Each structure stands twice: as structure tokens, then as C-alpha cells.
Amino acid sequence: LFADPTLPLVIDLGCGYGVSLMGLCYKRQESEDEEVNFLGVDMKTKAIRYANSVSKRWDIATHCAFIELDALSALRWARERYLGPVRWIMCQFPSPFALQDGSGGNCQLPDLSTFIVNREVILEAEALLSKGSLDGVRGLLLQSQVEDVMIAMKGLVDSTTKLRVAPDPTTVQWGAQGDSENVVPTEGWVS
């Protein structure tokens, strides 16, 4: 997947068409910061094909790849097979809406047993982030535009893991040197 599979890795779960991840990768390549690999994960074939084709056109495919997998399988793959450390795991704006059985309606809050951010995914993310040694900041980013969904995801992380929300959002910058306790911003960043 990557030219150098020992570089730190950023994983975007539910990446869709990969726009955020490609933007991070492209901006990162233009900077003097350390090299990083970016992996987008989604279950939509068309989205993954699109993201990979744009990544090739932008000439970032050696550091930015997209695979069609569910979140849990992708995290297990990274823990078992990726040679480098994982710097960030992101899940940005997962859709909280799910069709209810035959009703055609939807619900505001996700069923946390089947939602992309569920107990197994959070535990696998925690295991993956604690794998190996890595200087600098690392963590888990969960974002939602729906307050109730963010509260539910934060509650799941708080009740399932030893990850913590950092007190100061100004402490995180790409390539910043952090302590081994992984300092991250409060607005959705958990570590």
C-alpha cells in the first residue's frame, strides 16, 4: 500500500471520498514536517475507487491509500500487519441516522452496537494506539455535527477505555512533541 510502511500512520474510518485525508496528506507533503502515511477506510466501493484515483492524480498515492473494509477489520489489519506506529485514528462526522426496520424513518441516536463507533472499534483503537513507541502526539479523533451523537460516542470511550480527553486544545499540532501520555484537544480529540 505504501512506499515506506514504517512511517507513522493516520487512519480515517468512514473516509467517504477521502477529501479530508487527501487534504491532510497534500498539505503535509508541502511542509517540512515528518513524513506520514494516510489510510482511508470505507465500505463504499465507488468512494474508495474515487479516492484512490484522485490520490494517484495528485501524486500522493505513495503516502495516501484507500481500502474497502469495515472499521474493525481495518484497525485489526493495522495492528497485526502495519510495520510503523499509528499516530491518529479519526472518525469524522459519522452518520447517526439509520433506517428503522421497514418504517422508512430514521433515528437521531445510533445503535452503539452496530454504529461505526462501537465498543469493539474503540477497544481496537486503544490497543492500536498503545502499540509500540512513538514520540509526539497521538490519539483518537471523534467528531460529530450532532451533539447527542458526540455525547454518546464520548460516553462510550469514557466507559470502555483508559483514553482521556486532554485539557488544552492548543497543545496539538502536527509534528508537535508531546509526552507519553498523549495530549490532545478537548473538542472531540480523545487520547
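A residue counts as buried when its relative accessible area is under 20%. By that cut-off, buried residues make up 47% of the 191 residues in the chain. The model is a predicted one.

**Chain overview**

The secondary structure consists of five helices and six strands. Their order along the sequence is β-α-β-α-β-α-β-α-β-α-β. Among the contacts in the chain with a separation of 6 or more, 75% are between residues 24 or more positions apart. The accessible surface of the chain is about 10000 Å², and carbon and sulfur atoms hold 51% of that surface.

**Helix packing**

Two packed helices are described by the angle between their axes and the distance between the axes. The table gives these values for two helix pairs.

| Helix pair | Angle | Axis distance |
|---|---|---|
| α3 (residues 71-81) and α4 (residues 119-129) | about 20 degrees | 9 Å |
| α4 and α5 (residues 147-160) | about 60 degrees | 10 Å |

Angles under 35 degrees count as roughly parallel, and α3 and α4 are therefore roughly parallel to each other. The crossing of this pair, α3 and α4, is left-handed. On the α3 side the contact is made by A71, L72, L75, R76, A78 and R79, and on the α4 side by E120, V121, E124, A125, A127 and L128. Sorted by class, the contact of α3 with α4 has eight nonpolar and four charged residues, and no polar ones.

The angle of about 60 degrees between α4 and α5 makes α4 oblique to α5. The crossing of α4 and α5 is right-handed. Here α4 contributes R119, I122 and L123 to the contact, while α5 contributes L156, V157 and T160. By class, the contact of α4 with α5 has four nonpolar residues, one polar residue and one charged residue.

**Individual residues**

V10 lies in strand β1, which covers residues 9-13. The relative accessible area of V10 is 0%, so V10 is buried. In sequence, V10 and C25 are 15 residues apart, and in space their C-alpha atoms are 9.5 Å apart.

S55 is placed in helix α2, which spans residues 45-57. With a relative accessible area of 0%, S55 is buried. Which residues are in contact with S55, leaving aside its neighbours within four places in sequence? They are M22, I60, A61, C64 and F66.

D59 is found in the loop between α2 and β3, the latter being residues 64-68. Is D59 buried or exposed? The relative accessible area of D59 is 63%, and exposed means over 50%, so D59 is exposed. Most residues other than glycine have a negative phi. The phi of D59 is near 60 degrees, a positive value in a residue other than glycine.

Key: Residues numbered from 1 in each chain as written. Predicted model: local features only at pLDDT ≥ 70, side-chain atom pairs only at ≥ 80, totals over all residues. Heavy atoms only, no water. Axes fitted to C-alpha atoms, helices over the stretch in contact; angles between N-to-C directions. Helix = DSSP H or I, 4+ residues; strand = E, 2+ residues; numbered from the N terminus. Parallel < 35°, antiparallel > 145°, perpendicular 65-115°, else oblique. Left-handed = near helix turned anticlockwise from the far one by under 90°. Contact = heavy atoms within 4.5 Å. Nonpolar A, V, L, I, M, F, W, Y, C, P; charged D, E, K, R; others polar. Buried < 20%, exposed > 50% of the residue type's maximum accessible area, 1.4 Å probe, protein only. Areas by Shrake-Rupley, 256 points an atom, 1.4 Å probe, with all protein chains shown as cover.
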